[in-house]
Amino acid sequence: MAILKLYSSSVTACTRRTATVLHELKIPFELIEVDVLSGAHKTPEFLKFQPFGQVPYIDDDGFILYESRAICRYVAAKHPRSGLIPTDPKANALFEQATSIELTNFEPSAGKAGLPFYLKKLGWRDDLTDVPANLEILDKKLDAYEAILSKQRYLAGDTLTLADLFHLPYAGFVSLGSDIMTRPNRPNVARWYNELVSRPAWLAYQDGVKTTTEY
Amino acid sequence: MPFKIYGFPPSTCTRRVALVCKELNVPYELIPVNIPKGEHKAPEYLKRQPFGVVPAIDDDGFTMFESRPVARYLVAKYGKGSTLVPDPKDIIATAKFEQAVSVENNHFDEPAGELFLQLVIKPMRGLPKDEERVKALLATLNSKLDVYEMVLAKQPYLGGDILTLADLFHLPWLYGLTEKAKLDLVTSRPNVARWYQEISSRPAWQAVKDGA
């Protein structure tokens with residue numbers, strides 16, 4: 001059985017998301033670097049595998065898959081005992097609700113605020129114009145998160161799921177330039193956030209995702 | 001006890017849930033949340049949906065929100081034999097389904113939704129369109145639909161060979177953009193046109209397309 005191949009840039013947000021989940025599940029993988037700065041993800045050869053011209057995609061022993069959250073769900077489905085995707089019907093419904101909360105209420109503004117901070121840190125681009133407006137949107141969303149997290153430990157309930165882990169890249173990037181995730185008026189958001197960013201799976205790739213064959 | 005949808009009949013996400021109820025023959029009671037009057041931001045509603053948007057559901061005491069997860073829940077609970085969500089034991093079919101669901105969410109939903117706001121909602125409220133923004137959104141959406149055209153040339157549905165929720169999730173915005181905003185998004189793309197014609201003519205969608 002061939003090692004799972006992760007085709008991506010080593011630093012991009014969606015690669016960090018995917019690698020964090022691979023690390024949580026202790027799945028060996030090979031990172032095959034795609035040079036996004038020189039447009040390698042827009043070439044005809046790349047588009048055959050990922051027709052939207054984005055990273056990452058995986059090749060798992062011949063099975064090609066893209067969209068980072070779909071990849072994470074796929075590998076978690078192969079490791080059901082991890083509990084990262086609950087199977088009990090009501091727990092699963094609340095898990096799906098939490099993944100949708102991340103997509104509709106966190107990613108749009110956290111991405112548009114966090115990515116500029118991250119790109120500036122990488123030295124790729126220095127343009128923080130969109131940040132203030134998006135931090136304002138995110139601030140209101142996090143008030144709702146506080147209401148939810150004041151009643152339960154994680155976003156889907158009392159156990160960690162993929163829904164929490166999906167927040168990591170942009171939650172981490174936003175914190176490069178703002179204290180919005182750890183403000184004292186939202187103690188439960190801060191508690192949840194601090195726990196997530198201290199996980200070894202997140203810390204492992206702070207300097208970039210790399211091939212990982214041993215855990 | 002009927003399945004309760006707290007929603008607003010013309011709302012995109014309310015219709016998305018009603019569509020799946022119709023697909024599965026699940027009777028529902030629509031409890032109106034009056035958006036123009038701001039009822040979705042009232043404290044009683046925020047207890048149901050802390051982000052203050054519609055819909056939220058109550059299934060005999062089990063409450064949840066977010067239209068796409070509700071759709072998944074409906075299939076899991078009421079869709080015995082339904083193929084709208086692949087069997088989780090089929091890991092490959094499920095992965096391709098999740099990829100398609102993610103594509104709809106990440107590539108289609110935002111530009112489509114904002115275009116609908118600019119071209120239909122704003123004029124309805126007497127607000128001016130942002131022409132530059134419309135141009136940019138059209139360019140984005142068209143480039144995404146070009147990829148859809150390629151994908152749908154090789155397989156009948158976005159997740160593979162079988163119609164799933166991933167296809168149906170597109171209906172509210174695509175109907176709005178083609179029928180209300182009168183955008184020509186599908187006719188120049190034969191595979192997208194074939195796919196859209198099929199999903200939009202389903203009786204379940206016809207029943208709720210103009211109001212849940």
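The following legends describe close-up views of a predicted model.

**Figure 1. The contact between helix α4 of chain A and helix α3 of chain B.** Helix α4 (residues 89–122) of chain A and helix α3 (residues 67–78) of chain B have axes that come within 8 Å and cross at roughly 160°. Because angles over 145 degrees count as roughly antiparallel, α4(A) and α3(B) are described as roughly antiparallel to each other. The crossing in which α4(A) passes α3(B) is right-handed. On the side of α4(A), the residues in contact are A:Ala93, A:Glu96, A:Gln97 and A:Ser100, and they meet B:Pro69, B:Arg72 and B:Tyr73 of α3(B). Sorted by class, this contact of α4(A) with α3(B) comprises 3 nonpolar, 2 polar and 2 charged residues.

**Figure 2. The contact between helices α1 and α3 within chain B.** Two packed helices are described by the angle between their axes and the distance between the axes. For helix α1 (residues 12–23) of chain B and α3(B), the axes come within 9 Å and cross at roughly 10°. Angles under 35 degrees count as roughly parallel, and α1(B) is therefore roughly parallel to α3(B). From α1(B), the contact takes in B:Cys13, B:Arg16, B:Val17, B:Val20 and B:Cys21. Their partners in α3(B) are B:Ser67, B:Arg68, B:Val70, B:Ala71, B:Leu74 and B:Val75. By class, the contact of α1(B) with α3(B) has 8 nonpolar residues, together with 1 polar and 2 charged residues.

**Figure 3. The two domains of chain B.** The domain assignment divides chain B into domain 1 (3–78) and domain 2 (91–208). Taken over C-alpha atoms, the centres of domain 1 of chain B and domain 2 of chain B are separated by 22 Å. Domain 1 of chain B supplies 13 residues to the contact between them, and domain 2 of chain B supplies 18 residues. UniProt, in an unreviewed entry, lists residues 90–212 of chain B under "domain: GST C-terminal". The span 90–212 of chain B is 72% helix and 0% strand, and its end C-alpha atoms lie 33 Å apart.

**Figure 4. The annotated spans of chain A.** An unreviewed UniProt entry lists residues 2–83 of chain A for "domain: GST N-terminal". Residues 2–83 of chain A are 32% helix and 22% strand, with end C-alpha atoms 25 Å apart.

Figure 5. Most residues other than glycine have a negative phi, and most peptide bonds are trans. In chain A, a cis peptide bond with omega of about 0° joins A:Val55 and A:Pro56. A:Pro56 is placed in the loop between α2 (44–47) and β3 (57–60) of chain A. In chain B, B:Val54 and B:Pro55 are joined by a cis peptide bond, again with omega of about 0°. The loop that holds B:Pro55 runs between α2 (43–48) and β3 (56–59) of chain B. A:Glu67, although not a glycine, has a positive phi of about 75°. The loop containing A:Glu67 lies between β4 (63–66) and α3 (68–77) of chain A.

Methods. Residues numbered from 1 in each chain as written. Chains lettered and ligands numbered in written order. Predicted model: local features only at pLDDT ≥ 70, side-chain atom pairs only at ≥ 80, totals over all residues. Heavy atoms only, no water. UniProt positions renumbered as here; feature names shortened; annotations may be inferred. Helix = DSSP H or I, 4+ residues; strand = E, 2+ residues; numbered from the N terminus. Axes fitted to C-alpha atoms, helices over the stretch in contact; angles between N-to-C directions. Parallel < 35°, antiparallel > 145°, perpendicular 65-115°, else oblique. Left-handed = near helix turned anticlockwise from the far one by under 90°. Contact = heavy atoms within 4.5 Å. Nonpolar A, V, L, I, M, F, W, Y, C, P; charged D, E, K, R; others polar. Domains from an automatic or database assignment.
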